[in-house]
Amino acid sequence: MSAEATNPATAGPVAPPAPQALAASVAPAAARRKSRARIDLRRLGRAALLGSAARDKLPDAISHVVEAHRAHHPDADLEPLRRAYVLAESSHRGQMRKSGEPYITHPLAVTLILAELGAETTTLTASLLHDTVEDTEVTLDQVREQFGEEVRYLVDGVTKLEKVDYGAAAEPETFRKMLVATGNDVRVMSIKLADRLHNMRTLGVMRPEKQARIAKVTRDVLIPLAERLGVQALKTELEDLVFAILHPEEYEHTRELIAENAARPGDPLAEVADEMRGVLREAGIPADVLIRPRHFVSVHRVARKRGRLRGTDFGRLLVLVNEDADCYGVLGELHTCMTPVVSEFKDFIAVPKFNLYQSLHTAVARPDGQVVEVLIRTHRMHKVAEAGVVALGNPYAPAADTPADPATQDAPADGERADPTRPGWLSRLLDWQQAAPDPDTFWSTLREDLAQDREITVFRPDGGALGLPEGATCVDAAYAQYGEDAHACIGARVNGRLATLSTVLRDGDTVQLLMGQDPASEPSREWLEHAHTPAARIAIQRWLAAHPGGGTDPDGIPATPASSAAPTPPAAVAESVGTARPAAVRDGDGDSGGDPAAARTAAPARPGAATGAPAPRSRRADVLADRPGAAVRLAGCCTPVPPDEITGFAVRGGAVTVHRVECAAVAHMKSTGRAEIGVRWGNTTECRVTLVAESFGRPHLLADLTEAIALQGAEIVSATVEPPSQQRVRHTYTLQLPDAAHLPALMRAMRDVPGVYDVSRAQHQAPAS
């Protein structure tokens, strides 16, 4: 939205001029000539008072609104606008603004802002009427009778917003109700933001202290809301107006920097733009290459970051194309024909930002070292980038390509509606405002959320994406994905590696959340220290409020008494993870090949144990060795089973030990000169194997694991549970299998036990040389 198109001239003292007007001086003269002339609100006000003689003719006062509306909606029915203006003008007649203009100029200016952004007719109709119920004798019933329930709802929502005090002393419940109304129809907040923008433009008539108070509220509440609604055109101008009021010296310095740059001969941005047009012309890609001057706050931020500014720092290049595929075609041509700064590339088309924003970001370097930032998007993406939810039309209306047959589409339930225009942030807001235990909690978490000005995207293993604030942890990801079911989260893998729930996530990480299924699962009080999103904090607080004294230690491990300082013996660990029966001592089988003896093992689980039937006789898989008469033993360090590739080595006593060829012990023995002996599997498939299960601690875990093993027909020869390390538990099982072919199914069954995140074959390190 250009300053020329939306900044009305007003009489009397006003706030500092819209900064974009000065920044636009960098743009080519041809672009400025195409801009619509500024609107003289004094002339507009006179037209509003005089009106038009013909009752069915559009009043001259709304001609600018009609022109802007028709540019986006050429077939729009303008009759509701005519009737809304007539009602608003007659209702506000005699009222004046503090700047000395007829009051009707305010709703007209607000409506023009929305029309320029592409708002549909219903929004514009409500915008013209947004102050009538608040400031005149018009009632909501009258609005409903003349314009329908939808317009009445919007006017009522904006009227309620007018009564909200956004300051530090704001009534949390009032603000909560306001946001609920906004979430149910984003057009309410769209009108409010346009209303605030026009008021900020004319804030110069207020006392300095009142200017500062309004500017601070705009900065703390309304600008973050504009960001989350994706209405960048409103957000950037509001930022500059707030900047001018709250930081006048820095604003003036920035204005001088922009003016000095505009006065310099030659424009490096224009030169790169011409070069870029040539590259795309030769490639046959239809595209518009435009210069996008930075607004004042953006220039100020760049100056603080980089120090001395150069010509390319005062703007960016925008490339507009017709199709999504053309965006990537442009990117390829620019990276081929110009010098790309690869570290600056970001793809917000494949992964849109939380506020619907889509674009490719890249940068190219000039021979003199200056770097030019480039934005690549379609015309449709650009419209959404500028206007956000305002550009997406009426959320009540079906899409243009929606089938007419109700049977072929998902119709919303009674009292509900499909809202494709609602950004993810607003959807989340509606969810957690309902879960907030009290208004004060809602208000404090909302303000914290609004203070987050950057968001990251993390991916689920299934390819789905989660939008989270910068600094979010695995705790936040769990509640973003599972809601209150995240109470059962027991851990996570980040980029394939095991991570604690307190791990801070980075943009682009892949997060796999490990969920338990035990009904006794509960969140930890310490999770609050790692939760940054309102969804996570409110869900945890709500659970803790309902369960006084509840909560586990971080990362899902049940809380233990503070006096338990001594190392926990394995038997105690078995009890802590929930074994259903007492542990029993059982020695190994004597040919472990160097396995450490288990100091304490769980009772073996055998098929038939419950009925007292004798356990089947333990047998070894049949292995034939190229040394007739030699005893053959399977090494316990790698527990080979058919059809593993195996090799053998002679040991004391003339026996042959059999190892998997990838066993670390094989390489060690080869390095010491031990001769290999050929071995091969015989016909017997019964075998013994050692498996290592790694898990997070939880009640009844050991019982569930041994049950899963027994159901697969395996006999537990020995089992060891090691003391926890960083809230993780390691189990080692030596198992007798009736058939080696059952091993993959057994390992899958063990991995499926809630809390178990990995099961692998035992692989001991080779002894030191």
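Student: What is the relative accessible area of N495?
Tutor: This is a predicted model, in which local features need pLDDT of at least 70, side-chain atom pairs count only at pLDDT 80 or more, and totals for chains, interfaces and linings use all residues. Residues are numbered from 1 along each chain as its sequence is written, and side-chain values use heavy atoms, leaving out hydrogens and water. Buried means under 20% relative accessible area, exposed means over 50%, and partly exposed lies in between (1.4 Å probe, protein chains only). N495 is therefore partly exposed, as its relative accessible area is 47%.

Student: Where does N495 lie, and what is its phi?
Tutor: Helices (H or I, at least four residues) and strands (E, at least two) are DSSP runs, numbered from the N terminus. N495 sits in the loop between strand 9 (489-494) and strand 10 (497-499). Most residues other than glycine have a negative phi. N495 is a residue other than glycine with a positive phi, near 55°.

Student: Which residues does R493 contact, leaving aside its neighbours within four places in sequence?
Tutor: R493 belongs to strand 9, and its 17% relative accessibility means that R493 counts as buried. Its C-alpha atom is 8.1 Å from that of T510, 17 residues away along the chain. Taking contact as heavy atoms within 4.5 Å, the partners of R493 are L498, A499, T510, V511, Q512, Y757 and D758.

Student: How many of the residues of helix 15 are buried?
Tutor: Helix 15 (residues 232-246) includes Q232, which counts as buried at 18% relative accessibility. Leaving aside neighbours within four places in sequence, Q232 contacts E227, N355, A385 and E386. Helix 15 is largely enclosed by the rest of the structure, because its buried residues number 15 of the 15.

Student: What is the distance from the first C-alpha of helix 15 to the last?
Tutor: The expected span of a helix is 1.5 Å times one less than its number of residues. For the 15 residues of helix 15, 21 Å is expected, and the reach is close to that, at 21 Å.

Student: At roughly what angle do the axes of helix 15 and helix 18 cross?
Tutor: Axes are lines fitted to C-alpha atoms, for helices over the stretch in contact, with angles from 0 to 180 degrees between N-to-C directions. Angles under 35 degrees count as roughly parallel, over 145 as roughly antiparallel, 65 to 115 as roughly perpendicular and the rest as oblique. Helix 15 and helix 18 are therefore roughly perpendicular to each other. The axes of helix 15 and helix 18 (residues 296-306) come within 8 Å, and the crossing angle is roughly 70°.

Student: Which residues of helix 18 make that contact with helix 15?
Tutor: By class, this contact has three nonpolar, one polar and three charged residues; Ala, Val, Leu, Ile, Met, Phe, Trp, Tyr, Cys and Pro count as nonpolar, Asp, Glu, Lys and Arg as charged, and the others, Gly among them, as polar. Helix 15 brings E239, D240 and F243, and helix 18 brings F296, V297, H300 and R301.

Student: At roughly what angle do helix 15 and helix 16 cross?
Tutor: Helix 15 and helix 16 are oblique to each other. The axes of helix 15 and helix 16 (residues 248-263) come within 5 Å and their angle is roughly 120°.

Student: Which residues of helix 16 take part in its contact with helix 15?
Tutor: The residues of this contact divide into six nonpolar, one polar and two charged. On the helix 15 side are D240, F243, A244, I245 and L246, and on the helix 16 side are P248, E250, Y251 and T254.

Student: How many of the 14 residues of helix 6 are buried?
Tutor: The buried residues of helix 6 include L81, A84, L87 and A88. Helix 6 is largely enclosed by the rest of the structure, because the buried count is ten.
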